[in-house]
Amino acid sequence: MRNRDTNSEQPIFAWYTDTRVDHFYEAPFKKVIFLDIDGVLNVEEEAFKTGVKIDPAKVKLLKKIVDETGADIILSSSWKRGYNHFVEDGFQAKDPNFKLLYDLLAAEGLEIKGITPISGESGAVARPLEIREWLARFHTVFSYVILDDDTFWDWGFLQRNVVTTVTEHPENGTTHRYVTGMTMEHALKAISILNDTGALKIEWN
């Protein structure tokens, strides 16, 4: 665990990771999916009505991204603190949705490899700041994508790597936003971002 102190002498960041991630990170991350849950792996309004917060069909879309890119999953959602406790407690949780998340991912051969820092920040800067802090720690990352449904985050330079999982339909000159969770369109966009080789291409003769 690593803390970074502010002038108030309170830690702004505390490093927590899924306990399955090796402390010394001997297998460096190359491609990364920063995963939000609510509004990505579910349709949030429906999920809160039913209490079942993970949609298996959307997990399959996540699997498609992983299969076509080889990316590792890092949890950036507000679920991360509870998920971390779930792992540390031997995969036992009072909230069954943590186990549901774990089980549905495992059924597709997927796992969460870690979480972004849990910060003392709030508002529009919080999640972008946590992701930037994570990226600053892992210098082996070649490409990454951020799957998130919220539009108020101040992403800054991260914006080009964000796939916002809402569907927009212009109607009568206005744009109506439908919170659909991740769709195939979002998955394909994420794959394109992760597999982008950039401007520099070297060909060896």
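Helices and strands are DSSP runs, numbered from the N terminus. The model shown in these views is predicted.

**View 1. Thr 165, a buried residue in the loop between strands E8 and E9**. Thr 165 is placed in the loop that joins E8 to strand E9 (167–171). The relative accessible area of Thr 165 is 0%, and the residue is therefore classed as buried. Its side chain reaches the backbone oxygen of Gly 39 at a distance of 2.7 Å. Leaving aside neighbours within four places in sequence, Thr 165 is in contact with several residues, among them Gly 39, Val 40, Asp 148 and Asp 149. Further contacts of Thr 165 include Thr 180, Gly 181, Met 182 and His 186.

**View 2. The salt-bridge network of Asp 36, Arg 127 and Asp 148**. Side chains of opposite charge can pair when their charged atoms come close. The side chains of Arg 127 and Asp 148 meet in a salt bridge, with an N to O distance of 2.6 Å. This pair links distant parts of the chain, since Arg 127 belongs to helix H5 and Asp 148 to strand E7, 21 residues apart. A salt bridge also joins Asp 36 to Arg 127, where the closest N and O atoms are 3.4 Å apart. Here too distant parts of the chain are linked: Asp 36 is in the loop between strand E3 (31–35) and helix H1 (44–50), Arg 127 is in helix H5 (residues 126–137), and 91 residues separate the two. Arg 127 is buried, with a relative accessible area of 7%. Asp 148 is likewise buried, at 0%, and Asp 36 is buried as well.

View 3. Lys 99 is partly exposed, with a relative accessible area of 41%. Asp 103 also counts as partly exposed, because its relative accessibility is 34%. Over the structure, the count of salt bridges comes to 8.

**View 4. Strand E3 and its pairing with E7 and E4**. In E3, 5 of the 5 residues are buried, so the strand is largely enclosed by the rest of the structure. Lys 31, Ile 33 and Leu 35 point one way from E3, whereas Val 32 and Phe 34 point the other way. E3 pairs with E7 in the parallel sense over 5 bridges. Within that pairing, Ile 146 of E7 is the bridge partner of Phe 34. E3 also pairs in the parallel sense with strand E4 (residues 72–75), over 4 bridges. Leu 75 in E4 stands opposite Leu 35.

**View 5. Leu 158, a buried residue in the loop between strands E7 and E8**. Leu 158 is found in the loop between strand E7 (143–148) and strand E8 (162–164). This residue counts as buried because its relative accessibility is 0%. Apart from neighbours within four places in sequence, the contacts of Leu 158 include Pro 128, Ile 131, Arg 132 and Leu 135. Tyr 144 and Ile 146 are also among the residues in contact with Leu 158. The C-alpha atoms of Leu 158 and Val 145 are separated by 8.9 Å, and the two residues are 13 residues apart along the chain.

Conventions: Residues numbered from 1 in each chain as written. Predicted model: local features only at pLDDT ≥ 70, side-chain atom pairs only at ≥ 80, totals over all residues. Heavy atoms only, no water. Buried < 20%, exposed > 50% of the residue type's maximum accessible area, 1.4 Å probe, protein only. Contact = heavy atoms within 4.5 Å. Salt bridge = Lys/Arg side-chain N within 4 Å of Asp/Glu carboxyl O. Polar contact = N/O pair within 3.5 Å; in protein donor to acceptor, adjacent residues only side chain to side chain. Pairing = 2+ DSSP bridges.
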